[in-house]
Amino acid sequence: KFNLKSMNLSKYDIILVDINNLTKSKIAQIREIRKKQPLKIVHLSSCFSTKRFIAHDYTDDWLEKPISQERIYELMISLFDTTTLSKNSEVSQSLKIIRPDNLIETKNITTNNFTDFKDYHLLIVEDNIIDQKVMMGILGKAGMKITLANNGQQALDKLLDTNNSYDLVLMDISMPIMDGYETIQKIRENTDFDTVPIIALTSLALDNDVSKMFRVGSNAYIRKPLKIGYLYTALNHFLGDEEIHIPPTIQEESLNNTQKGLDISKGIEHSNGSHEIYREILEEFLTAYGDSGASLKLWVAENRYEHIKRLCLDMKGLTGAIGAYDMFELVDTMHKQFLYNNVHLIPKFIESYELELKKLVNTIHLYMDDK
């Protein structure tokens, strides 16, 4: 209907449309209007679409469904808030940027390689104790000075403490009190930190989420579960000489061990081939989330759905890292209910969550007892 109507498009400020469905005559009409006035064209696509967004001279941005109020708000900023964009642009020009397509995993990296960055001071902003433990195990043992912040507000307080200075910030995005987006934006509003690189760490992977990370002032983005080859590349880019000396190939043990509900081979692979690191992560998982089924039931009863959403995000990252793919599929399905505004369905997952978690915990104990 849109293509058939002879609509007066010049009276609009924004048109949301799947550009793949535009006729040639409509595209020509849009191009003519854009020569005279700033008509904004936003490509509207489904998150299930296999087609990637391709820039055209008649499009300004894209938006993936499901659409939320927050994404609409971010779109408005992207299209019209020239003040914020110009500020972020200035920051981007003063610091190096690594776009996701340019972040290459350095192969055969071990924890020993991180001694290349010994004595640098890092601020790690992360509320998940397992992720904290993993990063401390990698970076702290390599001789780097590490300061931890459990949320964005703590991070700002530590940055403003004149007794400390930081060479780089590792910033989780999904946090309570103040999330990573708001924290990064507030850091970039202070010119004292214009030369401090910020690397975003998150399991969020939609194009809109990644675009937002860079728009608020991130210099790089590493997807969780964390792989140390990508972390090494990013740190070397900002702190090293960028001449990466690839270490010799590691002689790895056979990793074809799989138990019910737990792909141990993949878990050890994500731990860079280290059985010791993998065991540490499993122990921390049991301590922090081994009884999370009871927490889920309590939060449903008390309608604390923000806590449940945080649990889903944390569990997605962790279960993917340890190779617990059955549990990952379950919590990923639960998380999708929040994306599709089907929160009322969450109580139906309580029983399956408890059963799947019990199976996973038993499998982890079997593995740990065998070693």
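**Contacts and surroundings**

Guide: H121 touches K145, I146, T147, N164, S165, Y166, D167 and L168, where residues up to four places away in sequence are not counted and contact means heavy atoms within 4.5 Å. The model is predicted: local features need pLDDT of at least 70 and side-chain atom pairs count only at pLDDT 80 or more, while totals for chains, interfaces and linings use all residues. Residues are numbered from 1 along each chain as its sequence is written, and side-chain values use heavy atoms, with hydrogens and water left out.

H121 belongs to strand β4, residues 121-125; helices (H or I, at least four residues) and strands (E, at least two) are DSSP runs numbered from the N terminus. Its relative accessibility is 6%, so H121 counts as buried. The classes are buried under 20% relative accessible area, exposed over 50% and partly exposed in between, with a 1.4 Å probe and protein chains only.

The loop between α3 (82-94) and β4 holds N108. Although not a glycine, N108 has a positive phi of about 60 degrees. Most residues other than glycine have a negative phi. N108 counts as partly exposed because its relative accessibility is 25%.

D127 and R310 form a salt bridge, their closest N and O atoms being 2.3 Å apart. With D127 in that loop and R310 in helix α12, the pair ties together parts that are 183 residues apart in sequence. R310 has 17% relative accessibility, so R310 counts as buried. A salt bridge is a side-chain nitrogen of Lys or Arg within 4 Å of a carboxyl oxygen of Asp or Glu. Side chains of opposite charge can pair when their charged atoms come close.

A second pair is K133 and E284, whose closest N and O atoms are 3.6 Å apart in a salt bridge. This pair links distant parts of the chain, with K133 in helix α4 and E284 in helix α10 (residues 275-289), 151 residues apart. K133 is partly exposed at 41% relative accessible area, whereas E284 is buried at 18%. A network of salt bridges links E126, D131, D172 and K224. The whole structure has 15 salt bridges.

Another of these lies within helix α13 (325-339). K336 and D332 meet in a salt bridge with an N to O distance of 2.7 Å, and the two are four residues apart in α13, about one turn of the helix. D332 is buried, with a relative accessible area of 13%, and K336 is partly exposed, with 28%. Besides D332, the buried residues of α13 include M327, L330, H335 and F338. Their cover includes α11 (292-301), α12 (305-322) and α14. Just after α13, N341 takes a positive phi of about 55 degrees. N341 is in the loop between α13 and α14 (350-370), and it counts as exposed because its relative accessibility is 61%.

For the chain as a whole, there are 14 helices and eight strands. Of its 371 residues, 49% count as buried. Among contacts with a separation of 6 or more, 67% come from residues 24 or more positions apart.
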